[in-house]
Amino acid sequence: MVTAGTRENGGQGVKEDSVELVAVLDAKVKDAIRLGWRPVGVVVTGPDGRLNQTMVRVR
């Protein structure tokens, strides 16, 4: 799982705006792909606003 978003202290939201979150997640996914992983399914937004992308290892 690749996750983007920094929780606010004491809150249930994230510090980044949506554009920042997408950019951070995209960079993390590209890095995981470079290391031999591939994305599965769609990007999911958690209840706190963080973005999550499921990844699987390519064999």
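This is a predicted model: local features need pLDDT of at least 70, side-chain atom pairs count only at pLDDT 80 or more; totals for chains, interfaces and linings use all residues.
Colleague: Thanks! Is Gln53 buried or exposed?

Modeller: Buried means under 20% relative accessible area. Gln53 has a relative accessible area of 6%, so it counts as buried.

Colleague: What does the side chain of Gln53 reach?

Modeller: The side chain of Gln53 reaches the backbone oxygen of Val40 at 3.0 Å. Leaving aside residues up to four places away in sequence, Gln53 also touches several others, including Met1, Val2, Leu25 and Val43.

Colleague: Now the strands, please. How do strands of a sheet pair in general?

Modeller: They pair through backbone hydrogen bonds, either parallel or antiparallel. Here you see an open sheet of 3 strands in the order E1-E3-E2, and the pairing is antiparallel.

Colleague: Which strands stand at the edges?

Modeller: Those are E1 and strand E2 (37-45); each has a single partner strand, so one side of each is left without a neighbour in the sheet. From one strand to the next, the twist averages 20°.

Colleague: Over how many bridges do E1 and E3 pair?

Modeller: E1 and E3 pair over 3 bridges, in the antiparallel sense. In your viewer, look for Ala4, which stands opposite Leu51 in E3.

Colleague: And where does H1 pack?

Modeller: H1 packs on the sheet and touches E1, E2 and E3. The direction of H1 makes about 160° with that of E1.

Colleague: What tends to happen to nonpolar side chains?

Modeller: In soluble globular proteins, they tend to be buried together. In this model the largest nonpolar core has 9 residues, among them Val2, Ala4, Leu25 and Leu51. Strand E1 (2-4), helix H1 (18-34) and strand E3 (51-57) each give two or more residues to this core. H1 provides the largest share, 4 residues.

Colleague: Which residues does Leu25 touch?

Modeller: Not counting residues up to four places away in sequence, Leu25 touches Val2, Thr3, Ala4, Val43, Leu51 and Gln53.

Colleague: How many residues apart in sequence are Glu16 and Thr54?

Modeller: They are 38 residues apart in sequence, and in space they are 21 Å apart, C-alpha to C-alpha.

Key
Residues are numbered from 1 along each chain as its sequence is written. Side-chain values use heavy atoms; hydrogens and water are left out. A nonpolar core is a set of buried Ala, Val, Leu, Ile, Met, Phe, Trp, Tyr and Cys residues joined through side-chain atoms within 4.5 Å. Buried means under 20% relative accessible area, exposed over 50%, partly exposed in between (1.4 Å probe, protein chains only). Contact means heavy atoms within 4.5 Å. Two strands pair if DSSP finds at least two bridges between them. Axes are lines fitted to C-alpha atoms, for helices over the stretch in contact, and angles run from 0 to 180 degrees between N-to-C directions. A polar contact is a pair of N or O atoms within 3.5 Å; within protein, one must be able to donate a hydrogen and the other to accept it, and residues adjacent in sequence count only if both atoms are side-chain atoms.
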